[in-house]
Amino acid sequence: MSKKVIISGGGTGGHIFPAIAIANALRERMPDIDLLFVGACGKMEMEKVPAAGYKIIGLPVAGFQRKLTTKNVTFFFKLASSLVKARRILKRFNPDVAVGVGGYASGPILRMASWEGVPILLQEQNSFAGVTNRLLGQKASSICVAYENMDRFFDARKIKLTGNPVRQDILKTIDKVDARKELGLLPNKKTILIVGGSLGARTINQAIAQGLVLYAKSDVQVIWQTGKIYFSDMVKLKSQIEAPNVHVFEFVSRMDLAYAASDVVVSRAGAGTISELCLLGKPSILVPSPNVSEDHQTKNAMALVQKNAAVLVKDTDAKQNLVSLSIELVCSSEKCTALSEAISSMALHQSAQRIADEIFSLIKN
């Protein structure tokens, strides 16, 4: 009889892509395993998971707003409805293990799984555990983490240091010169990659826009992913400044090429991105988003900065010094080498496979 696993969570790519990587690792080990995703209606997992070839059911659950808003009036109704639907899903699917990858979407299904006696595995991506995972941690059988010292949040006996699963395509070995040619860049120029996620990062884009003249005058080239919201404005701005060395993209679909082409990466400090940077050994400048719960991106970044594995620029300081600092860093081979060695030492390889091992261990026991 094939085994059954529910994987729940989502809301952002930082939760969804690790979930899909875990599912792929499970299926690789056991091709006939029955996998079911549970997410939140209307969120990106409802599109991304089917695109990856997996079934998903949506719950009407919504996040609780930390500020006073009328949205919280419906929160409890949606939560109650989601708990009822989650129980029906569990009764019908009858999983051997329930896996939570974080985000409020994982709350109802894992809470009901614990009540039904289904073993629970949590995957916490950040160095500061999210509210949902902290609440569920007491009921979990195993908790897979990407950072040390997570016994601040969870029972140390349950913790497994596995790292965060990442997109496997970025780990392909690609020649730097070939990658630059593929992206339309000069093959032998120092290259900075600037990313802010699929929607873009407002402060990073504003900082680059303000310092565009510095890039134009420098001897480096730039891959600038603005995100959909900011793309047209940034293209218009660039047209007013002669900066042929700055290549503007709305979205970089081939991140494997972008990473391979770059000498330095400027990015937000999401857990998934940091895991990719560690595995690739990329010298990085991290600009944590201030608009995330419990400021967890700053805590993610500080875990690297404390080991001299990345440079931190506060969101409030980005406009003033991000561009000049990135030029200074990419032109310092010594500093780049030191950062690359330090960040590489923090990489945890085969994370999805390690988590799959834990899931199969729960099934066996």
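Which residue in E9 is the bridge partner of Leu193? In this predicted model, the partner is Ile223. Leu193 belongs to strand E8, residues 191-194, and E8 pairs with E9 in the parallel sense over four bridges. Along E8, Thr191 and Leu193 point one way, whereas Ile192 and Ile194 point the other way, and all are buried. On a further pairing of E8, three bridges join this strand to E11 (residues 264-267), and the two run parallel. Within that pair, Ile194 has Val266 of E11 as its bridge partner.

These strands belong to an open sheet of six strands with parallel pairing, in the order E10-E9-E8-E11-E12-E13. Strand E10 (246-249) and E13 stand at the edges with a single partner strand each, so one side of each is left without a neighbour in the sheet. The partner strand E9 comprises residues 221-225 and pairs with E10 over four bridges, again in the parallel sense.

Helix H12 spans residues 296-305, and its buried residues are His296, Gln297, Asn300, Ala301, Ala303 and Leu304. Viewed down the axis of H12, the buried residues fall within an arc of 150°, so they line one face of the helix.

Helix H7 (residues 202-210) contains Thr203. Thr203 has a relative accessible area of 10% and is buried. Its side chain makes a polar contact with the side chain of Asp315, at 3.0 Å. Apart from neighbours within four places in sequence, Thr203 is in contact with Arg268, Asp315 and Ala318.

A second open sheet is described next. Seven strands form this sheet, in the order E3-E2-E1-E4-E5-E6-E7 and with parallel pairing. Its edge strands are E3 (55-59) and E7 (159-161), each of which pairs on one side only. On average, and with direction ignored, neighbouring strands of the sheet are turned by 20° against each other. Strand E4 (residues 97-100) is joined to E5 (residues 120-124) by three bridges, and the two strands run parallel. In this pair, Ala98 stands opposite Ile120 in E5. H15 packs on the sheet, where it touches E1, E4, E5, E6 (142-145) and E7. The direction of H15 makes about 165° with that of E5. Helix H4 (residues 106-115) lies across E1 (4-8), E2 (34-40), E3, E4 and E5, and runs at about 150° to E4.

H15 (residues 351-364) also meets H1: the axes of the two helices come within 8 Å and cross at roughly 65°. This crossing of H1 and H15 is right-handed. From H1, the residues involved are Ala21, Ile22, Ala25, Leu26 and Arg29; these meet Ala352, Gln353, Ile355, Ala356, Asp357, Ile359 and Phe360 in H15.

His15 lies in H1, which covers residues 13-29. The relative accessibility of His15 is 15%, and the residue therefore counts as buried. The side chain of His15 makes a polar contact with that of Gln125, at 2.9 Å. With neighbours within four places in sequence left aside, the contacts of His15 are Gly10, Val101, Gly102, Gly103 and Gln125.

How values were computed: Residues numbered from 1 in each chain as written. Predicted model: local features only at pLDDT ≥ 70, side-chain atom pairs only at ≥ 80, totals over all residues. Heavy atoms only, no water. Buried < 20%, exposed > 50% of the residue type's maximum accessible area, 1.4 Å probe, protein only. Arc of directions from axis to C-beta. Pairing = 2+ DSSP bridges. Polar contact = N/O pair within 3.5 Å; in protein donor to acceptor, adjacent residues only side chain to side chain. Contact = heavy atoms within 4.5 Å. Axes fitted to C-alpha atoms, helices over the stretch in contact; angles between N-to-C directions. Left-handed = near helix turned anticlockwise from the far one by under 90°.
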